[in-house]
Amino acid sequence: MARPDPKTSTTDLDLLRELCAAPSPTGFEGPVQAVVRRRLSATVETAGDPLGNVWADVVPDGAPHVLVTGHCDQIGLIVTYVDDHGYVSFDAVGGVDRQLLPGRHLVIHGPKGPVDGVVGRKPTHVIPKDERGKAPELHEQWIDIGASSRDEALAAVAIGDPITFQDEFLALANGRYASPACDDRAGVYVAVRALEHYAAAPAAARLTALSTVHEETTFMGAKAAALRWRPDVVIVVDVDFASDDPGGDPKKLGGEVKLGGGPVIHRGAGSNQRLLQLALEVADAEGLPYQVKALPGATQTDAEELMAAVQAATLSFSLPVRYMHSALEVMDPDDAEAGALLAAALTRRLAKEWTPERFVLGG
């Protein structure tokens with residue numbers, strides 16, 4: 001389908017920008033969850049748990065209960081040591097590619113505020129020839145904040161401080177944007193906007209928008225949510241590898257996935273096949289763009305935790321992203337907005353047609 005007319009598009013770039021800008025690696029999700037709470041509370045009452053999950057309901061007594069969720073934590077780093085000369089050592093939080101770090105501008109979120117630093121390593125000129133071109137291990141890299149001593153550095157940073165890539169939200173051609181943390185602030189955007197769209201024209205179903213924590217390391221947020229609810233339907237939204245750049249091979253990535261093509265609906269182990277077919281019908285009826293991708297195995301998202309514990313009919317869909325788990329991930333915000341509209345429309349359809357037996361396979 002053609003791109004939405006910018007004059008009529010409902011994509012909320014300010015929300016996406018604010019979500020992506022909140023520095024929140026796993027275990028430190030407070031800043032982004034504050035954004036989620038503030039936004040949702042303008043529509044409905046919000047709630048949370050000590051682990052850090054945040055959620056809100058529309059039609060809390062309705063049926064069926066539909067849960068739309070994305071995880072809010074991002075990959076990052078954490079301060080582990082400061083040497084006598086003030087250089088900061090670190091370790092990874094989530095899947096950080098160590099070869100992307102040397103020379104990178106990072107931000108340490110210290111007790112007195114953000115501290116800028118640059119990742120250092122041995123210069124190529126003094127590395128033995130047989131080791132040149134290899135990615136240095138994390139313990140062979142450090143962050144230079146300009147300090148001259150351990151005491152000076154520890155006046156600005158502390159052991160255990162989270163570290164993130166520099167905040168940017170770069171406008172590219174054709175309505176694409178580059179930012180850290182598109183994984184999975186784009187999914188959180190879908191959950192928040194789905195609730196807002198549904199609240200504007202609610203039906204009989206209950207819709208819960210959930211922003212989970214700890215997905216990049218332990219899936220603990222999804223595990224906790226699974227103990228709290230027994231929803232009838234779960235819609236899990238994460239990001240997926242786009243295949244439309246020179247490094248993307250559709251044959252190896254499970255199919256063709258393009259920025260601007262709409263949300264990517266997973267066909268395979270991550271989705272209930274009857275719910276998937278209904279989602280495709282709804283998308284066609286609503287004129288929403290979408291893509292279908294084969295998923296032969298695990299989704300590597302919150303979906304597995306929720307499917308196993310909740311036993312709900314589950315739909316997994318993703319949003320195309322280039323350069324996942326890097327300092328700047330590229331996405332098309334209209335893909336996320338289309339996902340939000342699909343989740344809201346699917347909830348309304350389920351309100352009209354729900355029966356407990358409908359999505360029991362083999363029945």
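In the predicted model, Leu 19 is in contact with Val 32, Val 35, Val 36, Arg 185, Val 188 and Tyr 189, leaving aside its neighbours within four places in sequence. Leu 19 belongs to the largest nonpolar core, which holds 62 residues. Within this core, the members that touch the most others are Leu 19, Val 68, Ile 235, Leu 275, Leu 315, Leu 346 and Leu 350. Helix H4, residues 182-200, supplies the largest share, with 10 residues. In soluble globular proteins, nonpolar side chains tend to be buried together.

The overall dimensions were examined next. The chain has 363 residues and a radius of gyration of 21 Å. A compact globule of 363 residues would have a value near 21 Å, so the chain agrees with that expectation. Along the principal axes, the C-alpha atoms fill a box of roughly 65 × 45 × 40 Å. The secondary structure comprises 9 helices and 17 strands. Of the 363 residues, 52% count as buried. The accessible surface comes to about 15,700 Å². Carbon and sulfur atoms account for 52% of that surface. Contacts between residues at least 6 apart in sequence were also sorted by separation: 77% of them join residues at least 24 apart. The chain carries 33 positive and 50 negative charges.

Thr 208 is found in strand S12, which spans residues 206-212. With a relative accessible area of 0%, Thr 208 is buried, because the cut-off for burial is under 20%. Residues up to four places away in sequence aside, Thr 208 touches Trp 55, Ala 56, Asp 57, His 65, Val 66, Leu 67, Val 68 and Trp 229. Of these, Val 68 is also one of the core members with the most contacts to other members. Strand S2 covers residues 54-58 and strand S3 covers residues 65-71. Gly 160 is 48 residues from Thr 208 along the chain. The C-alpha atoms of Thr 208 and Gly 160 are separated by 33 Å.

Backbone geometry was then inspected. Most residues other than glycine have a negative phi, and most peptide bonds are trans. Two cis peptide bonds are described here. One joins Ala 63 and Pro 64, with omega at about -5 degrees. Pro 64 is found in the loop between strand S2 and strand S3. The other joins Asp 183 and Asp 184, with omega at about 0 degrees. Asp 184 has its place in helix H4.

Positive phi values occur at two residues described here. Ala 181 has a phi near 70 degrees, although Ala 181 is not a glycine. Ala 181 is found in the loop between strand S11 (177-179) and H4. Its relative accessible area is 6%, so Ala 181 is buried. Phe 219 has a positive phi of about 60 degrees and is likewise not a glycine. The place of Phe 219 is the loop between strand S12 and helix H5 (220-228). Phe 219 counts as partly exposed because its relative accessibility is 22%.

Asp 334 lies in helix H9, residues 333-353. At 15% relative accessibility, Asp 334 counts as buried. Asp 334 and Pro 23 are 311 residues apart in sequence. Their C-alpha atoms are 23 Å apart in space. Leu 346 and Leu 350, among the core residues that touch the most other members, fall within the residue range of H9.

Pro 356 is in the segment after H9. Its relative accessibility is 56%, so Pro 356 counts as exposed. Pro 356 and Ala 313 are 43 residues apart in sequence, and 9.8 Å separates their C-alpha atoms. Val 360 is also in the segment after H9. At 45% relative accessibility, Val 360 counts as partly exposed. Val 360 and Gln 273 are 87 residues apart in sequence and 9.8 Å apart in space, C-alpha to C-alpha.

Conventions: Residues are numbered from 1 along each chain as its sequence is written. This is a predicted model: local features need pLDDT of at least 70, side-chain atom pairs count only at pLDDT 80 or more; totals for chains, interfaces and linings use all residues. Side-chain values use heavy atoms; hydrogens and water are left out. A nonpolar core is a set of buried Ala, Val, Leu, Ile, Met, Phe, Trp, Tyr and Cys residues joined through side-chain atoms within 4.5 Å. Buried means under 20% relative accessible area, exposed over 50%, partly exposed in between (1.4 Å probe, protein chains only). Helices (H or I, at least four residues) and strands (E, at least two) are DSSP runs, numbered from the N terminus. Contact means heavy atoms within 4.5 Å. The radius of gyration is taken over C-alpha atoms; the globule rule is 2.2 Å times the number of residues to the power 0.38. Accessible areas come from the Shrake-Rupley method with a 1.4 Å probe; for residues, only the protein chains shown count as cover. Lys and Arg count as positive and Asp and Glu as negative; His and the chain ends are not counted. The place of a charge is taken as NZ of Lys, CZ of Arg, CG of Asp or CD of Glu.
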